[in-house]
Amino acid sequence: MTLSPLITLNDGHSIPQLGLGTWPLDDEQVTAAVVHALEAGYRHIDTAVKYGNEEGVGNGIRASGVNRSEIFVTTKLDGQFQGEDRAVAGLEGSLTRLGLDYVDLLLIHWPLPARDDFVSTWKTFERLQAEGKVRSIGVSNFKPAHLERLLAETDVVPAVNQIQLSPAITREAEREFNAGHGIVTESYSPLGGAGASVLTAPLLRQLGEKYDKTPAQLVLRWHIEKGLVVIPKSGNPERMRENLDIFDFSLDRQDLAELAILDEGPGAGNDSDATGH
Ligand code: NDP
């Protein structure tokens, strides 16, 4: 059974570098997916209140028989839980639905800068961490400007920033900012999102022959070589195993450099100032 390597976060906890994305699986689908994933060797599951599937994730964890302490569970609180103290009820709800007494990583799902609540939300996250109901705290869809405010006005540096990132949407400035502050960058939509749009590039087929790997495996390996945490979603057990089977090879420097032709440039991807829940 393949297991993902671990990355150490700035708070000393470890996160499996590859995990399972679960959006847009419903409760029933996600229970089956989590059981398959844990059987295959996944030890990291990504969910969110917004996905409406936390109960299914918890059921899958229990049905798998894998020990809770071996599994890294992330959930995210969306806008309804932003503002002073609101995250307390948010986390309680998630723990109840998951049937767990702690989560490994709690994220602010979107900064929602127009509301200007993310600093007070983060202070509540700091308290929840101190109380032990969450091991690590982080953010999602945060730009450097949002993080600069957190760094200036609060005490705990986020452990993780989960952002849209793939060979097509490379977010170099964001990655550099995160790394410079000890924040691990986690890639969501790592294959290009629903429909896996990144995988159709002819270059990936060519390189696939050289490495005897699929386009998805090459793309996921690209994330690993860049030191990113990556959470591909699949509801298909065969593709889940395929996506985990990337730790027995590495891309050479020239091929990594060639993959830069997939980069759609700094304007590509969503803009977390303009969108959000
Ligand atoms: P992904 O880039 O993970 O792509 C998922 C798509 O790729 C699905 O259509 C899946 O189909 C397909 N796929 C998976 N593996 C393979 C493979 N080996 N070969 C071919 N196709 C494949 O996109 P997501 O947007 O789902 O991102 C991953 C996760 O990130 C989400 O599930 C969620 O947990 C998180 N996320 C976080 C966000 C945030 O705001 N923080 C926003 C969006 C996502 P199939 O299931 O049929 O295999």
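This short talk walks through the surroundings of a ligand in one protein model and then through a few residues in its loops and strands.

Please keep in mind that the model is predicted, so that local features are taken at pLDDT of at least 70 and side-chain atom pairs only at pLDDT 80 or more, while totals for chains, interfaces and linings use all residues. Residues are numbered from 1 along each chain as its sequence is written, and side-chain values use heavy atoms, with hydrogens and water left out.

Let me begin with the ligand. It is surrounded by 30 residues, and the closest are Asp46, Leu191, Lys233, Ser234 and Arg239; a residue is near a molecule if one of its heavy atoms lies within 4 Å of that molecule. If we sort this shell by type, we find 12 nonpolar, 13 polar and 5 charged residues, where Ala, Val, Leu, Ile, Met, Phe, Trp, Tyr, Cys and Pro count as nonpolar, Asp, Glu, Lys and Arg as charged, and the others, Gly among them, as polar. The element that gives the most to the shell is helix H9, residues 237-244, with 3 residues; helices (H or I, at least four residues) and strands (E, at least two) are DSSP runs, numbered from the N terminus.

Which atoms of Gly235 and His109 come up against oxygen atoms of the ligand? For Gly235 it is a polar backbone atom, 2.9 Å from a ligand oxygen, and for His109 it is an N or O atom of the side chain, at 3.2 Å. Gly195 also takes part, with a backbone N or O atom 3.2 Å from an oxygen atom of the ligand. Taken alone, the ligand exposes 920 Å², and the protein buries 86% of that; such areas come from the Shrake-Rupley method with a 1.4 Å probe, and for residues only the protein chains shown count as cover.

The peptide bond from Trp23 to Pro24, however, is cis, with omega near 5 degrees, and Pro24 lies in the loop between strand E3 (20-21) and helix H1 (27-40).

Asn141, which is not a glycine, has a positive phi near 60 degrees, and Asp212, likewise not a glycine, has a positive phi near 55 degrees.

Finally, Gln164 has its place in strand E8, residues 160-164, and is buried at 15%. Asn10, in the loop between strand E1 (6-8) and strand E2 (14-16), counts as partly exposed at 39% relative accessibility, and its C-alpha atom is separated by 37 Å from that of Arg205, 195 residues away along the chain.

Notes
A polar contact is a pair of N or O atoms within 3.5 Å; within protein, one must be able to donate a hydrogen and the other to accept it, and residues adjacent in sequence count only if both atoms are side-chain atoms. Buried means under 20% relative accessible area, exposed over 50%, partly exposed in between (1.4 Å probe, protein chains only).
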